[in-house]
Structures are given as structure tokens and as C-alpha cells.
Amino acid sequence: MSTTDEPAGGPPTSPEDWRELLRRQDPPEEFAELPRRQRRRARKYWRTARRDERAQRIRRQRSQTPTGLHIPLTALVLAAAIAAYTWASPHHSHPARAATAPTSTAAPLTAPTATAAATATASATPATVLTDRQVASAFMTAYCTRLPLQDGSHNAAVARAAPYASPALVANLDAYDDADFDVLVSRQATAARPTAVTVTEPTTAQRPAPDTAVRVYLQATATIAVTGTHDYTYQRSLTLEISRSDTGNPWTVTRVLGLGL
């Protein structure tokens, strides 16, 4: 896989930098195998998708840059927080409310507390319930779902798979292009979605080490239906390393061997 192209002096900072970057980028090698007319359309489609991806990155960078408006908003938030703290202090508490405080533990949960507890339980359930095979299947389904026109790059698929992967793996996948996504763009596909995912034991050649109580290797194979100019189906198989910090802790995908990560 090739790393994301950027100018030698660092990431582009102006529209002219982006235009120069796009002019210097070469389309995927698969385009050379297409007939002339399809190759021209594929190159145009590919450059449009790359331009949209750069535009999204610029918008994200600009949204992270503080502006003058943030300063008064921050002051208002701090003032509101100080006022709330002051009102909740003992000097402003109601005598009757203070008297009933010791017995509040026996009272039913209020609506906000119950909602918070339910939310915490719901968010913790997938991490504690999913088995290693379920994590492998969920990761494969999310990562192999591609929507070229909507996503703009394979990074959207990485974001969909992030709940089932370690932060280090997510960062690694984000840093590289993905050949499958480039092929979908070259064939003018609008969507690619797994219709079935099977999880099996890898062969001896596919397994880099024996399984342990905190690290296992599984072979995940997805059957993917592609829609677009020409509908077709293909399979993608990846060997996944799935780990946990200790027995009883949730499993996460920590390495994708089929991608060399």
C-alpha cells in the first residue's frame, strides 16, 4: 500500500497547494488495464473523489482552528459553570433539602440518573458480551462496507470499524490507502456491502503464532456485493489478530495480517 501523498514541506495549506498535489498524483495502476474510454472516465471519477477527500480534510482542519467567536463563547460557558457551582454551594442550599439529603439514597432514581445508568450499560454491553469470533465478524462487516461516492476515501470504512479495533490499528489503517477502495473507484462502483461473513481458524501458514488466553488469530472471509456501473460479487479474506488485556476483558482487533499491518 502506498502512503498518502503530501508535499515534502508538510501538509498543504492553500488551495494552490492542493491543486498542485492533485496534478502530481498518479491514478491506480489498475486503470492501465481498462479500455481507453473507460480509462478516461475512471481517471475523472478518481480525481473527483480525491478532490472531495482533500476538501473534507481542509474543512476538518479549519473547524479545529479557534476563531475570535470561541473566546466569548468560552467565557460564557465558564461564567455559567461558576454560577451553577455557586448556586449549588451550601450557602444557597435550601434547609429542607439539606435535611432530607441523608435519606436520599433510599429514594428511587430520578429520570436523569436512570437514563445515565441505562446509557452506560448499553455502551458497555457490546465490549463485554462479544466473543472473539463476533468481534472478527463485526470488524470485517464494517471495514468491507465501502460507499465511494459518499465516503470519498477508505478512511470512512476505518471509522466504521473503529469500535471493534484498537486505537493503534485504527491510526495505522488511516495512514494508508486501500487497494480495494481504489478498484471500486476505477470500476465506478457506488456501494460495496458484505452479504455474508465467515470466521474460521487460519491455516498453519496464515497463523504467525499459537493462540493464547489473551490473543487469538482468526480467518475472516467476506462475500461482498458491488453495485454501480457493473454489478458483481467478490470475496475478501483477512487474517485478524484479536487481543485483550486480560481474561474477562473485551476483545479488539489489534492487527490485520492480510494488509501487512
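Me: How many salt bridges does the structure hold?
Reply: Seven. Keep in mind that the model is predicted.

Me: Start with Arg 146. Which residue does the side chain of Arg 146 meet in a salt bridge?
Reply: Asp 178. The N to O distance is 2.9 Å.

Me: Where do Arg 146 and Asp 178 lie?
Reply: Both are in loops. Arg 146 is in the loop between helix H6 (132-143) and helix H7 (148-151). Asp 178 is in the loop between helix H9 (167-174) and helix H10 (179-186). The two residues are 32 apart in sequence, so the pair ties together separate parts of the chain.

Me: Are Arg 146 and Asp 178 buried or exposed?
Reply: Arg 146 is buried, and Asp 178 is too. For Asp 178 the relative accessible area is 3%. Buried here means under 20%, so Asp 178 qualifies.

Me: What else forms a salt bridge with Asp 178?
Reply: Arg 236. The closest N and O atoms are 2.9 Å apart. This pair links distant parts of the chain, with Arg 236 in strand S3 (residues 232-243) and Asp 178 in the loop between H9 and H10. They are 58 residues apart.

Me: Stay on Arg 236. What is its relative accessible area?
Reply: 10%, which counts as buried.

Me: Which side chain joins Arg 236 in a polar contact of 3.4 Å?
Reply: That of Asp 180. The side chain of Arg 236 also makes a polar contact with the side chain of Asp 178, at 2.9 Å.

Me: And what does Arg 236 touch, leaving out residues up to four places away in sequence?
Reply: The list includes Met 140, Tyr 143, Cys 144 and Arg 146. Ala 220, Thr 221, Ala 222, Ile 224 and Leu 259 are also among them. Asp 178 and Asp 180 are on the list as well.

Me: Asp 180 is in H10, then. How many residues of H10 are buried?
Reply: Six of the eight, so H10 is largely enclosed by the rest of the structure. The buried ones are Asp 180, Phe 181, Asp 182, Leu 184, Val 185 and Ser 186.

Me: What happens at the start of H10?
Reply: Asp 178 again. One of its side-chain oxygens reaches to within 3.1 Å of the backbone nitrogen of Asp 180.

Me: And just after H10?
Reply: Gln 188 takes a positive phi there, about 55°.

Me: Back to salt bridges. What does Arg 160 pair with?
Reply: Asp 151. The closest N and O atoms are 2.7 Å apart. Asp 151 is buried, at 7% relative accessible area. Arg 160 counts as partly exposed, at 29%.

Me: Which residues are linked in a network of salt bridges?
Reply: Arg 133, Glu 201, Arg 207 and Asp 211.

Me: New topic. Which residues of the largest nonpolar core touch the most other members?
Reply: Phe 139, Tyr 143, Leu 240, Ile 242, Val 253 and Val 256. That core has 30 residues.

Me: Which elements each supply at least two residues of this core?
Reply: Three helices are there: H6, helix H8 (155-161) and H9. The strands are S1 (189-200), S2 (215-228), S3 and S4 (252-256).

Me: Take Phe 139. What is it in contact with, leaving aside neighbours within four places in sequence?
Reply: Ala 161, Tyr 164, Ala 165, Leu 169 and Leu 173. Leu 240, Val 253 and Val 256 are contacts too.

Terms used. Residues numbered from 1 in each chain as written. Predicted model: local features only at pLDDT ≥ 70, side-chain atom pairs only at ≥ 80, totals over all residues. Heavy atoms only, no water. Salt bridge = Lys/Arg side-chain N within 4 Å of Asp/Glu carboxyl O. Helix = DSSP H or I, 4+ residues; strand = E, 2+ residues; numbered from the N terminus. Buried < 20%, exposed > 50% of the residue type's maximum accessible area, 1.4 Å probe, protein only. Polar contact = N/O pair within 3.5 Å; in protein donor to acceptor, adjacent residues only side chain to side chain. Contact = heavy atoms within 4.5 Å. Core = buried A, V, L, I, M, F, W, Y, C linked by side-chain atoms within 4.5 Å.
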